[in-house]
Every structure is written in C-alpha cells, then in structure tokens.
Amino acid sequence: MTATGVRAHARIAARADGRGGTALPVLDSDGPLALRRTRGSGGEARVMVVGAMSGPLGGDRFALDARVEEGARLHVGSAAATIALPGQTGGAARYDVRLDVADGGELRWLPEQLIAAGGSDLYVTTRAEIGVGARLVLREEQVLGRFGEEPGRLGSRLTVRVAGRTVLDQELACGPGAPGGWDGPAVLAGHRSVGQLVVARPEFAERPPAARMLGENAAVIPLAGPAVLVSAVAPDALRLRRVLDEALALLG
C-alpha cells in the first residue's frame with residue numbers, strides 16, 4: 001500500500017467461441033481483485049472474483065470492467081462478501097464497476113454482499129450499458145455494519161442504459177455523515193440491508209412486468225425500457241437475499 005491506498009483494475013471480456021460456448025480472451029486480475037474461471041453450464045462462462053487482500057480500505061481505488069460480446073453468455077459472482085474497512089490514510093475508498101453487454105449478449109452479475117464496516121467510508125458506482133437485444137441480471141446488496149457494530153459510511157450510484165438510453169440512475173447515501181433522513185421511513189426505515197435487482201430482457205419491451213409490492217419491504221418497478229427494478233430493504237443480509245431470490249424467480 002502507498003500513502004494514498006491501493007490501486008487495482010481488473011478486466012473481463014467474454015466472446016462467443018463459435019461452437020455454442022463462451023471464451024474469455026481477457027481475464028486480467030490486478031492486486032486484490034483476483035479473477036478465477038470456474039465450471040460453467042451450457043454455453044455460459046463463469047468467473048469468480050476472489051478477494052486476494054482485505055478491503056477496500058480507506059484511500060483504495062478499485063475498478064472492475066466486464067465486456068460481453070454478441071452471442072456470449074457470462075456469469076460473474078464472488079467467493080465471499082466484500083467488506084469495506086477503515087484505512088490508515090483516513091480517506092474514502094472507491095469501487096467502480098463498468099458492465100458492457102452487446103446486442104445478443106447475456107450477463108448475470110451476482111456478487112455477494114458489500115458490507116460497510118464501522119469506521120469505513122466507501123463510494124461505489126455500477127454502470128451497465130446494454131444493447132437492444134441484450135439480457136442482464138444485476139444484483140446489488142449492501143449491508144450497513146457487521147453484527148453488533150455501527151455502520152460505516154456508504155455511498156452508491158447505479159446507472160443502467162439500454163441502447164444508449166438511460167433507464168435507471170439512482171444514488172443512495174447511508175451511514176455517519178450522510179444527508180439526514182437516510183435511516184428514516186422514506187429510505188431504510190431502520191433496516192440495515194438494502195438491495196437492488198435489475199432484470200433486462202428484450203421480451204419486456206412487449207410484455208413488461210407489472211408494478212407490484214413484494215411483501216412490506218420490496219417492490220417491482222418497471223423501467224422506461226425493456227427492464228425492471230426490484231428494490232428491497234431488510235433487517236439482515238439473509239432476509240434480503242431471500243427476497244431478491246424470490247423476485248428473480250417471479251420474473252422467470
């Protein structure tokens with residue numbers, strides 16, 4: 001680590017191999033962002049993000065780019081939760097994810113939870129650009145604090161664009177120093193886990209899912225394009241995952 005923290009930039013590229021499968025011509029790990037190919041199913045390639053070091057810590061700058069070309073299918077997960085921790089520099093950390101899915105490509109982005117440990121300060125951005133006929137399943141789960149501790153500060157921005165048109169651009173700030181009201185009834189309502197699930201499919205252009213509540217703390221929200229957002233809060237990570245899994249099964 002330098003005085004300004006660790007810099008890491010990992011890259012994934014998926015390409016149809018011409019035999020019904022998916023090749024990974026780029027699988028470039030960097031520092032704490034270790035990428036490992038695992039056994040896929042059908043024509044899908046699978047990659048796991050394995051944390052080779054603790055973090056992100058204060059002052060760190062992480063970035064991960066994934067590109068799925070036409071006809072390729074990619075599933076990206078992580079081996080464990082990502083835990084944001086306070087660092088020696090005293091500065092904020094940043095984690096930027098960029099996803100690009102070409103027409104006819106498919107990406108399932110399903111990492112484990114991001115946990116903002118007490119004393120941490122992290123800003124995370126996720127930006128997805130997908131083509132007209134692309135398919136996307138994107139899950140984000142954020143947990144404020146480990147068991148029995150106060151949360152760290154967490155800011156996040158999620159942007160999804162379909163065929164060059166923005167269908168979702170939302171930002172959330174939670175924890176110490178965040179704007180007032182983040183823990184009130186209009187945002188987390190006292191919960192400590194918040195999650196989003198974005199599903200984009202070309203068939204949604206003709207048959208979009210209907211808006212509906214999923215219990216008391218989750219909602220299905222059609223977006224202005226062939227995509228839908230599920231937004232949920234829960235008391236803990238286990239119940240949040242259960243709600244989002246149920247939502248994904250409902251969407252088919």
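**Note on the cores and salt bridges of a predicted model**

1. Arginine 139 has a relative accessible area of 7% and is therefore buried; buried here means under 20% relative accessible area, exposed over 50%, and partly exposed in between, with a 1.4 Å probe and protein chains only. Its side chain meets that of glutamate 141 in a salt bridge, at 3.5 Å from N to O. The term salt bridge stands for a side-chain nitrogen of Lys or Arg within 4 Å of a carboxyl oxygen of Asp or Glu. Glutamate 141 counts as buried too, because its relative accessibility is 3%. Through shared partners, salt bridges join Glu112, Arg139, Glu141 and Arg241 into one network.

2. On the basis of these values: the model is predicted, so local features need pLDDT of at least 70 and side-chain atom pairs count only at pLDDT 80 or more, while totals for chains, interfaces and linings use all residues. Residues are numbered from 1 along each chain as its sequence is written, and side-chain values use heavy atoms, with hydrogens and water left out.

3. The structure holds 17 salt bridges. One of them pairs glutamate 69 with arginine 15, with 3.1 Å between the closest N and O atoms. This pair links distant parts of the chain, 54 residues apart: arginine 15 is in strand S1 (residues 7-16), and glutamate 69 is in the loop between strand S5 (61-68) and strand S6 (73-78). Strands (E, at least two residues) and helices (H or I, at least four) are DSSP runs, numbered from the N terminus. Glutamate 69 is partly exposed, at 23% relative accessibility, and arginine 15 is partly exposed at 41%.

4. Another salt bridge is formed by arginine 46 and glutamate 44, whose closest N and O atoms are 3.2 Å apart. Arginine 46 is partly exposed, with a relative accessible area of 30%, whereas glutamate 44 is buried at 8%.

5. The largest nonpolar core has 53 residues, and those with the most contacts inside it are Ile12, Leu74, Leu107 and Trp109. A nonpolar core is a set of buried Ala, Val, Leu, Ile, Met, Phe, Trp, Tyr and Cys residues joined through side-chain atoms within 4.5 Å. Strand S8 (residues 93-101) gives the most to this core, with five residues. Apart from this core lies another, of 17 residues, which include Val137, Val199, Ala234 and Leu251.

6. Leaving aside residues up to four places away in sequence, leucine 107 touches Val68, Leu74, Val76, Leu99, Val101, Arg135, Leu136 and Val137. Contact means heavy atoms within 4.5 Å.
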